[in-house]
Amino acid sequence: MFARALAIWCVLLVIASINGALREVVLIPRTGDVVGRVISTLLLSAFIVILTWLTIGWIGPGTANQAWLVGIVWVLLTLAFEFLAGHYLFHNSWSSLLADYNVLRGRIWVLVLVTTLVAPRLCTAVRGQL
């Protein structure tokens with residue numbers, strides 16, 4: 001199950017990268033920084049739910065706890081990639097990386113993390129798999 005969950009997280013990583021490029025090249029220049037980031041966050045959250053819906057049967061959590069565990073692992077992988085790759089590979093400052101968590105400045109990136117966490121359990125429940 002975890003190998004399949006990791007494979008789907010890698011697909012999510014590609015989708016998130018494409019979403020980020022779309023945000024920087026199209027959304028922010030046309031709508032401004034705050035609105036562009038909100039649209040991007042909502043789009044990515046929707047893509048996460050859709051991909052999870054399509055693949056949760058293949059991932060195959062056998063219990064509700066396993067579905068939650070998939071979400072937890074996905075969030076941990078996401079945070080590790082965001083901060084470690086963001087800082088050491090893409091040379092973003094720590095303060096720049098943390099800025100995406102400032103809800104008071106219109107940054108709702110945390111919604112992506114919440115969606116990533118709950119999507120596996122939500123999709124298994126709605127699909128009647130558990």
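**Ring pairs and a helix crossing**

His91 lies in the loop between α3 and α4, where helices (H or I, at least four residues) and strands (E, at least two) are DSSP runs, numbered from the N terminus. This is a predicted model, in which local features need pLDDT of at least 70 and side-chain atom pairs count only at pLDDT 80 or more, while totals for chains, interfaces and linings use all residues. Residues are numbered from 1 along each chain as its sequence is written, and side-chain values use heavy atoms, with hydrogens and water left out.

His91 is exposed, with a relative accessible area of 66%; exposed means over 50%, buried under 20%, and partly exposed in between (1.4 Å probe, protein chains only). Its phi is near 60°, a positive value in a residue other than glycine. Most residues other than glycine have a negative phi.

The structure holds three aromatic pairs. Rings of Phe, Tyr and Trp (its six-membered ring) pair if their centres lie within 6.5 Å, and planes under 30 degrees apart count as stacked, over 60 as edge-to-face and the rest as tilted. The pair of Phe83 and Trp94 is stacked because the ring centres are 6.5 Å apart and the planes stand at 25°. Phe83 lies in helix α3 (residues 64-89) and Trp94 in helix α4 (residues 94-99), so this pair ties together parts that are 11 residues apart in sequence. Phe83 counts as buried, at 17% relative accessibility, whereas Trp94 is partly exposed at 38%.

Phe83 also pairs with Tyr101: the centres are 5.9 Å apart and the planes at 15°, so this pair is stacked. Tyr101 lies in the loop between α4 and α5 (110-126) and Phe83 in helix α3, so the pair ties together parts that are 18 residues apart in sequence. Tyr101 is partly exposed, with a relative accessible area of 24%. Ring pairs link Phe83, Tyr88, Trp94 and Tyr101 into a cluster.

Next come two helices. The axes of helix α2 (residues 33-59) and α5 come within 9 Å and cross at roughly 30°. Axes are lines fitted to C-alpha atoms, for helices over the stretch in contact, with angles from 0 to 180 degrees between N-to-C directions. α2 and α5 are therefore roughly parallel to each other (under 35 degrees; over 145 is roughly antiparallel, 65 to 115 roughly perpendicular, the rest oblique). Residues of α2 including Leu44, Ile48 and Trp53 meet residues of α5 including Leu111, Thr115 and Ala119, contact being heavy atoms within 4.5 Å.
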